Amino acid sequence: MNSDLKLANDNIAARHRKARIFRMFCAGVTWMGAGLLAILLIQVTVDGIKWLDYQFLTSFPSRFPYKAGIKSALVGTLWLIVMIAMVSIPIGVATALYLEELSRKGRFAKLIEINISNLAGVPSIVYGIIGLAIFVRGLGLERSLLSGALTMSLLILPVIIIASREAIKTVPMSIRQAAYALGATRWQTAWAHVLPASFPGILTGVILALSRAIGETAPLIMIGALTYVAFLPEGPMDSFTALPIQIFNWVSRPQQEFHELAAGGIIVLLIVLLTMNATAIFIRQKTEKKLQ
Amino acid sequence: MSSSKSVDMQQMRDIDITKKKVRWGEWMIESSLALCATISVVTTAVIIFILAKESMGFFQVVVPADFFFGTSWVPLLEPSSYGVLPLLWGTLLITFGAALFAIPTGLASAIYLSEYASPRTRSIVKPVLEVLAGIPTVVYGYFALTFVTPLLRMLMPELQVFNALSGAIVVGIMILPTIATLSDNALRAVPDSLRQGAYALGATSYEVTTRVVVPAGLSGVMASFLLAISRAIGETMAVTLAAGATPNLSFTFLESIQTMTAYIVQVSMGDTPAGGIAYQTLFAVAAFLFVITLILNIVSQWILSKFREEYE
Amino acid sequence: MMTNQNCAQNLELVSGQLFTDEVILDIDDVTISYSGNPAVKSVSFPIAKNKITSIIGPSGCGKSTLLRSINRMNDFVEGVTVQGQLSYCGHDVYSSEIDPVEVRRNIGMVFQKPNPFPKTIYKNISWGPVINGYKGSTDELVEKSLRQAALWEEVKDRLHESALSLSGGQQQRLCIARALAMEPDILLMDEPCSALDPISTSHIEDLLFELKARYTIVIVTHNMQQAARISDYTAFLEMGDLIEFGVTDQLFTRPSQRRTEEYVTGRFG
């Protein structure tokens, strides 16, 4: 009896040790992820901070690192954001609203649904090739901002649709019933109640999707966004460059100075991205408070 | 009695409920929304049509067997050769290396987040992982080239400047958050009653996690692996920058290789005229890439939909 | 078969003895099924104009399903089919030439849980009439509706605050005011007090008494005292069958069916 019990106790101690080690392993690995992010940010900052000045932001790219800047890339990226937003937000939100509120839940809706989730998994470079074949060559839009914005819109549409649908789904059924019972049609209900109630969620999803678009490089390379652009685009049909393209261009050069310039560009890009994400979170929290 | 009702109301209401109104305004709105919804279907159709059409042109010049089983990829120089295996191999090498890194770490992070972390820790760590997922891939390329590779070369002097190892590591870092957050969702969906049942039998937290929680959430975890792998296969910028542009069929992480995506970038950087065989190789490779990722996505969605049935 | 006979008897009794009231809505042999499973079986009874009719019965007896089929709210639930006739002003609300939106404009509804729109009190009231083409003064309409719902005094100084800032009982009265703003012919109420405290409940019961001078009210309730207190007619449903329909006093004091008696005296349910 006694020896049996003792054995059991030993066993339990070993099992507890195992559990403790496993727990420490999991925690360690998780913090390693956070650590990697820290290393990445530190590395970028250390390399790039000394190049970040007014001259860097207001100069065109140059063969000479000390004269080079991101003016055309930054302006190109801003053009892209606005144009992508104008194309993708109305279409994406309209699709989500149609699928959730208006369509009869039949085969057509199911087909679109499956289709969208598969589109979300298509590699971005494939969108680039399609953009090249349709917008640049097929429709003859050339290597313009418009081609870039349309290609990117196709890329983020599934993301916007999925996020908007999730936001719309969180609107309580009772609100819709209240509106229907007053003799409202589906569209009146969707427009006056469902859309406003899901607005914060949609906005958050849209901003996150847009921030994905401005970091994407591969599709823009495919449609041939120029890497040396010493002018500012003045309209949607002008050729352009964008921040990630400029960064890619600098990283792929062998000289150390250009790598540091790339780091400078990355800092600007990350600041833009973080600002957008922070805005999304801020808007969400503010509207949530208002609703409560 | 109805005389007590206001005159305004009487005008407003159509007392005759049989008069079925055709609401033209709403019909127009609904139709245009439906039109927006079809854009996604059209996009898919266009992707498939264009990839198929240009690949068809490619396969009129190159025998499919030579493409799928050829071991040499020299498309831009004479004598040309169009065996996709070296590119596929490069992609697989990167994906394999990335998965080797990201699957254990991602799963461990997911377990930590769902089973061990306090709500407060969770609320810090999860956004950090999401930020990691939101960093543009070109930044990872920069990180590989200026940090990971130099570091590795200090340890392994024989390592080439462009090498598969560094590419695999950064792609691994990139897909880690995907695995961690999606697996975390899957593990958290496992009902608490299962955990409590196991604890009540005297199991330790390690035993509960590895023998009860992870097996119960396995389908969701597997789906996250597949999605992450599909992302790794489609990943472009980091491998273009870090792993080089040398189609290579040898099993080595130390040399320069070329992935399918990196090849597409390489060709499109030059000004390829439309219609030529070089232009068509882009579509053949992209079509191959599209099919592989599509299959992975469909399988992972299928697994996920089965998973939903289990707990809802 | 048994139940059908019972119903017929009851109806005869009612119409023969008492039913001199004008019928605004006639429920005739209505069967409602969810994906083929009947939840309401061949139910028939009339709804009298400007009276309160309550539908009682144990939970799951189909009373809410029946209520929601009157203004076609079940259209939004997948797999629901309705057979039989629901005649409103001489039209079957389920016939193909009927526009369900028009039906809901004339037959208002108040739900189990208060469900104000997450907008201002004012907009909660004015939205329904405005989308339906109301051209008059919305200020007047809002005041009149809130007064009818006995809420005006409590909210007149905060009309432009969020409706979600009101208490549960106030929210439910707001929902009633919102439905009244449409000046419906019939007001359907689906257990309107089940989520409220006793004081709010008595407020609403008082309100219903005043409203019946101008509106026809059909109320579903699981609370028999409430049905006995406020309604003129009562229908008792059990397992989808109409067991008894009659004048409320009579149904509660001298029920003709044994099962009704058992239920109203609290022996089951």
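1. A residue is called buried under 20% relative accessible area, exposed over 50% and partly exposed in between, with a 1.4 Å probe and protein chains only. By that rule Cys175(C), at 3% relative accessibility, counts as buried, and Cys26(A), at 0% relative accessibility, does as well.

2. This is a predicted model, in which local features need pLDDT of at least 70 and side-chain atom pairs count only at pLDDT 80 or more, whereas totals for chains, interfaces and linings use all residues. Residues are numbered from 1 along each chain as its sequence is written, and side-chain values use heavy atoms, with hydrogens and water left out.

3. Taking a disulfide as a pair of cysteine sulfur atoms within 2.5 Å, the count over all chains is 0. For Cys175(C), the closest cysteine sulfur belongs to Cys193(C) and lies 12 Å away, which is too far for a bond.

4. Chain A and chain C bury about 1,800 Å² between them, 68% of it on carbon and sulfur atoms, where buried area is the accessible area (1.4 Å probe) that two parts lose on being put together, summed over both. On the side of chain A, Ala181(A), Leu182(A) and His193(A) lose the most area to chain C, together 32% of what that side buries.

5. With contact meaning heavy atoms within 4.5 Å, chain A contributes 19 residues and chain C 24 residues. Across this interface there are 0 salt bridges, a salt bridge being a side-chain nitrogen of Lys or Arg within 4 Å of a carboxyl oxygen of Asp or Glu.

Notes: Chains lettered and ligands numbered in written order.
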